[in-house]
Amino acid sequence: MTNLIEAHTHADLMPYEAYEELALKGVNRIITHSCYVGATRATTLFDHYHQLLKIFTNNAQKNGLKLFITVGIHPLGIPEDWPKVIDILPTFLEKETIIGLGEVGLHFDTALEAEVLKSQVELAKSLNVPIDLHLPPKNRSEVVTKTLDILAKVGIDPQKVVIEHVHTDVIKMVNEFGAYAGLSLGEGRLSPQDILENAPLFQRGMLNSDYINFVYRRYDAVPQAVHWLKLHGVDVSFLEAIAFRNAEECWKI
Ligand SMILES: [Zn+2]
C-alpha cells in the first residue's frame, strides 16, 4: 500500500529523516495533532501552530508528504489565559490544511480540564469540524464515561469525533457512542496482534503511532503494523479501512 495515513502523530517531535522514511514505507498523508506540554500562555500555542504550518509542513512537502494539522488545547498544556486560545482558534481553522480540533480531552480529569474540553467541543460543533480526543493511561473507563457525557451534552455529531488511544478496555463504549477510534500502536498500547484478534471491535479504527520523543515510540509504527497484518492474512477491506479509509472519511482528506 502506498497511500497510508498516519492518523495521529506529533510531527514537531519527529526527526527530519522520519519524513523520508515514512514516505519510503508507503505513507503519503500525516495528521499532526497540536500538543505543547507545559504551555503557560496562549501565545505559546499560537507559536506552536505557526511552526506546524511552516517548518513541519515544509519538512513533509520536501519528502512528498501532505501534512494535515489540528489545533486546540491539550490537557497537559492549558495556558492560564486559555479563553484567548478559544477566541482565536476559528481564525486558524480557516486555513486549508487545518482540518479540525485536537488533541484535546481529559488527562488528570480535573474540573479545569472538563471546562476547557467543553468549550472546544462547543466550538467544533459550531464550526462543524472533527475533534480528536485524548485518553490517559489511568482511570480510562471513568474518563471515557465523562468525555462521552460532555460530547453528548453538547450534542456533537459522533461522526465528527475520534477517541484516541483506545484498547479493548474502552472500545465498546466508543463504538456504542458511534465515534471513530484512534488505534495507537506501541508498548503498553495496541499491538498488531491485538488488532487482528479483535478486528470486529476495531472496524471504525485509524492506525497511528502517536509519536512523541519523551517515551519510547516508533514513528513508523503504522507501516510496520500494516506489513505485519498483511503477513498474517488480515481481511483486506478491514486493513484498508484502518490504514486510510476511515481517516479519509472522518477528516475529509
Ligand atoms: Zn498524541
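For 253 residues, a compact globule would have a radius of gyration near 18 Å, and the protein comes in at 17 Å, so the two agree. That radius is taken over C-alpha atoms, and the globule rule is 2.2 Å times the number of residues to the power 0.38. This is a predicted model, where local features need pLDDT of at least 70, side-chain atom pairs count only at pLDDT 80 or more, and totals for chains, interfaces and linings use all residues. Residues are numbered from 1 along each chain as its sequence is written, and side-chain values use heavy atoms, with hydrogens and water left out.

A few whole-protein values:

| Property | Value |
|---|---|
| C-alpha span along principal axes | about 50 × 40 × 30 Å |
| Buried share of the 253 residues | 57% |

Buried here means under 20% relative accessible area, exposed over 50%, partly exposed in between (1.4 Å probe, protein chains only).

Now zoom in on H107. It's in the loop between β4 (98-105) and α4 (111-127); helices (H or I, at least four residues) and strands (E, at least two) are DSSP runs, numbered from the N terminus. H107 counts as buried because its relative accessibility is 18%. Skipping neighbours within four places in sequence, H107 is in contact (heavy atoms within 4.5 Å) with P75, L76, E113, H134, P136 and P137.
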